[in-house]
Amino acid sequence: ARSLGVQFVQPYFPTKHSRLIIDLTQGQEDEKTYLLNFTRLRPRLEHRFTPSLSGFLGYRLEFAKLNNLSSSTIREIGGIKREGVLSGPTLGLTWDTTQDPFNPRYGTIVSLNADLIRKFWGGDYDFYRVTTEAKKYHSIGWQTVLAGRVKVGIAEAFGNQTNLPIFERFYAGGEKGVRGYGRRRRSPTSCSPPSSRWRPRSATGSPAAARRRRARRRSRTSAP
């Protein structure tokens, strides 16, 4: 991914525990199945409720354009809008008990993020997306930290599936996903193992059914 952006930060707004952040980004994401060009404006108001609990409320306004899409990709996911505007509110909460955000040795981080993108806010897409992530750190001595991470999400279109952009869907694979698979090679519509293509077959087309048919043919041939 490549991006160029500017960020405005106004601390102590509107209280000493809050700050206003405005991000403007122009970027490009080059994936194997598509090339995404985007212009993104994301203002948000962050607030720290306690030393461990913080949250934000913001807005997402983004123009996205897809290129280099193959017909097989479009057919597999049931159609794609090649360009459009994403518009809607976004919010998040974070619970952080680590002692150092850059080099945590113990503690827990739990985060929740949600986007509600709707057409009646002036956009071209219609969906919601919620993700939650939990991280746990535990020092076991010898300058070694045991770390664990779990991430869960859901994204659903309102109405037609083309209302959920391909770049907002969930995939796995690669060094931070499912090992043994290439980056973003696993999805809810994918069932391919790493080294071969697998398609569901009916009971009559399974290997066990084929063996039974061969056994019946041999018994008929050997009958007097």
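Here is a short walk through part of this structure, from its strands to a few side chains. The model is predicted, so local features need pLDDT of at least 70 and side-chain atom pairs count only at pLDDT 80 or more, while totals for chains, interfaces and linings use all residues. Residues are numbered from 1 along each chain as its sequence is written, and side-chain values use heavy atoms, leaving out hydrogens and water.

Let us start with strands, which are DSSP runs of E with at least two residues, numbered from the N terminus. Strand β5 (residues 83–96) runs antiparallel to β4 (residues 53–67), joined by 13 bridges, and antiparallel to β6 (residues 107–117), joined by 7 bridges; two strands pair if DSSP finds at least two bridges between them. Thr 90 in β5 stands opposite Gly 58, and its bridge partner in β6 is Asp 115.

Next, find Asn 163 in the loop between β8 (144–157) and α2 (207–222). At 5% relative accessibility, Asn 163 is buried (under 20% relative accessible area; exposed is over 50%, partly exposed in between, with a 1.4 Å probe and protein chains only). Its side chain has a polar atom 2.8 Å from the backbone oxygen of Phe 158.

Phe 158 itself is partly exposed, at 29% relative accessibility. The charged end of Arg 118 sits over the ring of Phe 158, 4.0 Å from its centre; this label requires NZ of Lys or CZ of Arg within 6 Å of the ring centre and within 35 degrees of the ring normal. Elsewhere, Arg 40 lies over the face of Phe 38, at 4.1 Å from the ring centre.

Key: Helix = DSSP H or I, 4+ residues; strand = E, 2+ residues; numbered from the N terminus. Polar contact = N/O pair within 3.5 Å; in protein donor to acceptor, adjacent residues only side chain to side chain.
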